[in-house]
Amino acid sequence: MLACSDLRRAYGGFVAVDGVTLAIGAGEVLGIAGPNGAGKSTLLDAISGHAPASGGTVTLGERELTGLPAHERARLGLARTYQSPIVPEDLTVREVLDAARWAWSPTLAEERLEEARALVRLAAPERRRAGLLSTLERRKLLLACLLMREPTALLLDEPCSGLVGEEIEELTEIVGDVRRARSLAIGVVEHRLEFLDAVAQRVLVLDRGRILAEGPAAEVFGLPAVRAAYFDAPEVVA
Ligand SMILES: Nc1ncnc2c1ncn2[C@@H]1O[C@H](COP(=O)(O)OP(=O)(O)OP(=O)(O)O)[C@@H](O)[C@H]1O
């Protein structure tokens, strides 16, 4: 469903994403891990169009997205979230949902908004100011805004950032529900490996812009090369 081939992103002479090829099937969650600075967010930016790739291709289903601006990729069904769940602080929950609905399409049915809200278990009162929501509620609100568009692919950038124990468990369940209900292709960048182990059918580990390992979480996270990349212990590699 969502794929990229030989994707590159350079900042001047520094190559942050160096020839990444991946594919995420419909109804699949791909976890993307890697140490700080490995290029995970840059990879999401290059796929979603928020930072132009320096080379390679991105496709969504049959459509080639390469070169399209982010808003056109979004219109074609690619949704993404960011590490910081920034919401319009002064709008109420209801106003944010309505603004998202109108921005997407004035004719988007109310039921789609309600389905999205239920799918992410957004229980915050409609009149509450978005600025007063907890981090998890903010993430749910932003996810509802995206899911009402019925995207075919969803990229989540560090969705567990700022969350604690039970909240992470709830988010794990929500991502599973979304995957099953919508048959979405979901890519999740996350530092919490136990979260990726719980939600992802497959993970890949990036290191210095390249794919270091790929496969089931239980196998990949135990590989000596992966542990070395995380813990900076070259002797493990040797
Ligand atoms: N705008 C930029 N200009 C120059 N270098 C950048 C820019 N954005 C990111 N980089 C560099 O690209 C590399 C990859 O950064 P990126 O944020 O994608 O890593 P990451 O794996 O998401 O890290 P983290 O887990 O810390 O969020 C880093 O070395 C970073 O310093």
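Start with strand E7, residues 153-157, in this predicted model. Strand E6 runs parallel to E7, and 3 bridges join the two. To find one place where they face each other, select Ala-79 and Leu-154: Ala-79 stands opposite Leu-154 in E7.

Now widen the selection to the whole sheet. In general, strands of a sheet pair through backbone hydrogen bonds, either parallel or antiparallel.

Next, colour the chain by domain. Domain 1 takes in 2-77 + 152-237, while domain 2 covers 83-150. The centres of the two domains, taken over C-alpha atoms, are separated by 24 Å.

How many residues of each domain are in contact with the other? On the domain 1 side there are 14, and on the domain 2 side 9. To see what domain 1 brings to this contact, select E7, where the tour began, and helix H6 (165-182); each supplies at least two residues of the side that touches domain 2. The largest share of that side comes from H6, with 7 residues. By class, the side of domain 1 that touches domain 2 consists of 7 nonpolar, 2 polar and 5 charged residues.

The last stop is the ligand. Select the residues around it: Tyr-11, Phe-14, Ala-16, Gly-34, Asn-36, Gly-37, Ala-38, Gly-39, Lys-40, Ser-41 and Thr-42. Then show strand E2 (14-24) and helix H1 (40-48), each of which supplies at least two residues of this shell.

Which element gives the largest share of the shell? That is H1, with 3 residues. Colour the shell by residue class to finish: 4 of its residues are nonpolar, 6 are polar and 1 is charged.

Methods. Residues numbered from 1 in each chain as written. Predicted model: local features only at pLDDT ≥ 70, side-chain atom pairs only at ≥ 80, totals over all residues. Near = placed C-beta within 6 Å. Helix = DSSP H or I, 4+ residues; strand = E, 2+ residues; numbered from the N terminus. Nonpolar A, V, L, I, M, F, W, Y, C, P; charged D, E, K, R; others polar. Pairing = 2+ DSSP bridges. Domains from an automatic or database assignment. Contact = placed C-beta atoms within 7 Å.
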